[in-house]
Amino acid sequence: MVMDDEMETKLIPTLNNMGWMAASIGDPYTREFIEYSATAARPVMEIGAAYGVAAASVLRSGGRIIVNDLDPHHLHVLYEQTPQALREQLHLMPGSCVDGIEVAEGSVSAILCARVFHFFDSSMISTCLNRFHRWLAPGGKIFIVADSVFHGMNQEIYPDFLVRKAAGHPTPGWVSLKNNQRLEMQKNREEIQRAMPEYFNFLDLETLAPLFKDAGFLVESAGYFNPEYYYDVSLWDGREGVGMVGLKAHPLGFG
Ligand SMILES: C[S@@+](CC[C@H](N)C(=O)[O-])C[C@H]1O[C@@H](n2cnc3c(N)ncnc32)[C@H](O)[C@@H]1O
């Protein structure tokens with residue numbers, strides 16, 4: 001999310017001030033989604049893709065993919081960069097994943113939603129997970145990646161997070177970055193702040209897991225990871241990213 005002068009090499013700014021897209025595949029959950037997509041019987045889907053780095057990789061492996069983003073200009077860039085021969089495999093779907101798009105029930109094999117949920121509170125995350133569950137075919141998988149409570153920007157405010165979590169707050173990681181101490185130390189802090197929303201929801205596994213369960217997913221794997229796309233200012237202890245893979249079980253529990 002936050003970077004230094006070398007930003008262009010690892011992170012590409014979004015056109016709608018919704019942070020940055022990772023310029024390359026930099027986490028194990030997105031890699032797993034791409035591998036899984038190569039085996040999928042139905043199309044897969046990427047939510048909040050920005051310019052679609054993961055989607056481009058799926059297309060190159062022969063996969064069919066529905067690519068969503070709030071800002072249609074991002075999707076236009078993806079279309080222009082996609083070789084003519086692969087465009088038939090690409091379906092663009094601009095709009096909000098919360099309430100602005102729809103796909104047929106049970107029609108996709110996998111969904112990747114990377115680095116979008118940290119803009120949403122728990123209620124919006126629940127709404128999305130319920131929608132994703134409906135769109136997935138039985139046996140399909142959801143792959144979520146987000147910034148975690150161990151993101152560097154959270155270091156000074158982590159004790160507050162623990163207090164809110166212990167008190168049962170539904171979105172304990174919801175914070176304003178307006179006067180964030182780490183951010184204040186950056187020489188390009190104004191540029192950085194303009195490029196992203198003021199409020200973030202830094203997630204942890206204990207907050208995400210019940211939302212998966214309530215939407216009907218079985219948690220197949222989950223953990224923290226060290227994002228390859230971040231610069232020092234975003235780092236803390238190697239757990240700055242959080243990922244979770246959920247399975248939509250077959251109705252009779254097999255497969
Ligand atoms: C930080 S970028 C992440 C891009 C990419 N997924 C990645 O992991 O690098 C967040 C993206 O989510 C998109 N986004 C934010 N809210 C959204 C919503 N409600 N529905 C669809 N996309 C959304 C933004 O337009 C932006 O392109």
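Colleague: Is Ala50 buried or exposed?
Modeller: This is a predicted model, and in it Ala50 lies in the loop between strand S3 (44-47) and H2. A residue needs 20 or more other C-beta atoms within 10 Å to be buried. Ala50 has 29 such atoms within 10 Å, so the answer is buried.

Colleague: What is the phi of Ala50?
Modeller: Most residues other than glycine have a negative phi. Ala50 has a positive value, although it is a residue other than glycine. Its phi is near 55 degrees.

Colleague: Nice one. And where is Arg115, and what is its phi?
Modeller: Arg115 sits in the loop between strand S6 (108-114) and H4. With 23 other C-beta atoms within 10 Å, Arg115 is buried. Arg115 also has a positive phi in a residue other than glycine, near 60 degrees.

Colleague: Which residues are the closest to the ligand?
Modeller: The ligand is surrounded by 23 residues. By class, that shell has 13 nonpolar, seven polar and three charged residues. The closest are Met18, Gly19, Gly48, Ala50 and Ala114.

Colleague: Which element gives the largest share of the shell around the ligand?
Modeller: Two elements give two or more residues to the shell: strand S2 (20-22) and strand S4 (65-69). The largest share is three residues, and it comes from S2.

Colleague: Let's turn to H2. Which of its residues are buried?
Modeller: Helix H2 (residues 53-60) is mostly covered, with seven of its eight residues buried. Just after H2, Gly62 takes a positive phi of about 95 degrees. The buried residues of H2 are Val53, Ala54, Ala55, Ala56, Ser57, Val58 and Leu59.

Colleague: Which residues does Ala55 touch, leaving out those up to four places away in sequence?
Modeller: Ala55 is one of the residues with the most contacts inside the largest nonpolar core, which has 65 residues. Ala54, Ile65, Val67, Ile111 and Phe143 are also among those with the most contacts there. Beyond four places in sequence, Ala55 touches Glu46, Ala49, Ile65, Val67 and Leu78.

Colleague: And H8: how wide an arc do its buried residues cover around the axis?
Modeller: Helix H8 (residues 205-215) has Thr207, Leu208, Leu211, Phe212 and Ala215 as its buried residues. An α-helix has 3.6 residues a turn, so residues three or four places apart point the same way.

Colleague: What about Gly168: buried or exposed?
Modeller: Gly168 lies in the loop between helix H5 (158-166) and strand S8 (174-176). Gly168 has 7 C-beta neighbours inside 10 Å, so it counts as exposed.

Key: Residues numbered from 1 in each chain as written. Predicted model: local features only at pLDDT ≥ 70, side-chain atom pairs only at ≥ 80, totals over all residues. Helix = DSSP H or I, 4+ residues; strand = E, 2+ residues; numbered from the N terminus. Buried ≥ 20, exposed ≤ 12 C-beta atoms within 10 Å, placed from the backbone. Near = placed C-beta within 6 Å. Nonpolar A, V, L, I, M, F, W, Y, C, P; charged D, E, K, R; others polar. Core = buried A, V, L, I, M, F, W, Y, C linked by C-beta atoms within 7 Å. Contact = placed C-beta atoms within 7 Å.
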